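Open the model in your viewer and keep the sequence at hand. This tour goes from one selection to the next and says what is there.

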Amino acid sequence: MKLIPTDIYDKEGNMTKVEFHDTNGDFVIESVWDDQDPQDSEHREMFRKWSYKMVKQLGYEVAE
């Protein structure tokens, strides 16, 4: 099953999680940001890569 990732941010603009929905728009799974990690582009990119890898390990395909 192919999943579509969406970055979720709080009202201050900090990334809080990545949600993954199927192609029908139904929620499947999410990965949650560690509040101890800095909110910079480098860490956000590493978090996205980790999130996609985790979802792929669960047997899903990620629409990138």
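How many residues lie between strand 2 and strand 3 in their hairpin? Four residues separate the two strands, and G25 in the turn has a positive phi of about 90°. Before going further, note that this is a predicted model.

**The whole chain**

Show the protein chain as a cartoon. One helix and four strands are present, and from the N terminus on they run β-β-β-α-β. The radius of gyration is 12 Å, close to the 11 Å that the globule rule gives for 64 residues, so the chain is as compact as a globular protein of that length. Along its principal axes the C-alpha trace spans about 30 × 20 × 15 Å. Buried residues account for 30% of the 64 residues. Of the contacts with a separation of 6 or more, 36% are between residues 24 or more positions apart.

In general, strands of a sheet pair through backbone hydrogen bonds, either parallel or antiparallel.

Next select strand 1 (2-9) together with strand 2. This pair is antiparallel too, over seven bridges. Here the bridge partner of D7 is V18 in strand 2. Strand 1 and strand 2 also form a hairpin, with five residues between them. In its turn, G13 has a positive phi of about 90°.

Now move to strand 4 (61-62). Strand 4 and strand 1 run parallel and are joined by two bridges.

**H21**

Stay with the sheet and select H21, which is found in strand 2. Is H21 buried or exposed? Its relative accessibility is 19%; the cut-off for buried is under 20%, so H21 counts as buried. Display its surroundings: leaving out residues up to four places away in sequence, H21 touches K2, L3, I4, D26, F27 and V28. Of these, I4 is 17 residues from H21 in sequence, and the two C-alpha atoms are 5.2 Å apart in space.

Select helix 1 (41-57). Helix 1 has 17 residues and reaches 24 Å from its first C-alpha to its last, close to the 24 Å expected at 1.5 Å a residue. Colour its buried residues, which are R44, F47, R48, S51, Y52, M54 and V55. An α-helix has 3.6 residues a turn, so residues three or four places apart point the same way.

Turn the view to the other side of helix 1, where E42, K49, K53 and Q57 are exposed. Follow the chain out of helix 1 to G59, which has a positive phi, near 100°.

**The core**

Which residues make up the largest nonpolar core? Select L3, M15, V18, F20, I29, W33, F47, Y52, M54, V55 and V62, eleven residues in all. Strand 2 and helix 1 are the elements that give two or more residues to this core. Helix 1 gives the most, with four residues. As a general point, nonpolar side chains in soluble globular proteins tend to be buried together.

End the tour at F47, which belongs to this core and is one of the buried residues of helix 1. Leaving aside neighbours within four places in sequence, F47 is in contact with M15, K17, V18, S31, V32 and W33.

Note on methods: Residues numbered from 1 in each chain as written. Predicted model: local features only at pLDDT ≥ 70, side-chain atom pairs only at ≥ 80, totals over all residues. Heavy atoms only, no water. Pairing = 2+ DSSP bridges. Core = buried A, V, L, I, M, F, W, Y, C linked by side-chain atoms within 4.5 Å. Buried < 20%, exposed > 50% of the residue type's maximum accessible area, 1.4 Å probe, protein only. Contact = heavy atoms within 4.5 Å. Expected span 1.5 Å × (residues − 1). Rg over C-alpha atoms; globule rule 2.2 N^0.38 Å.
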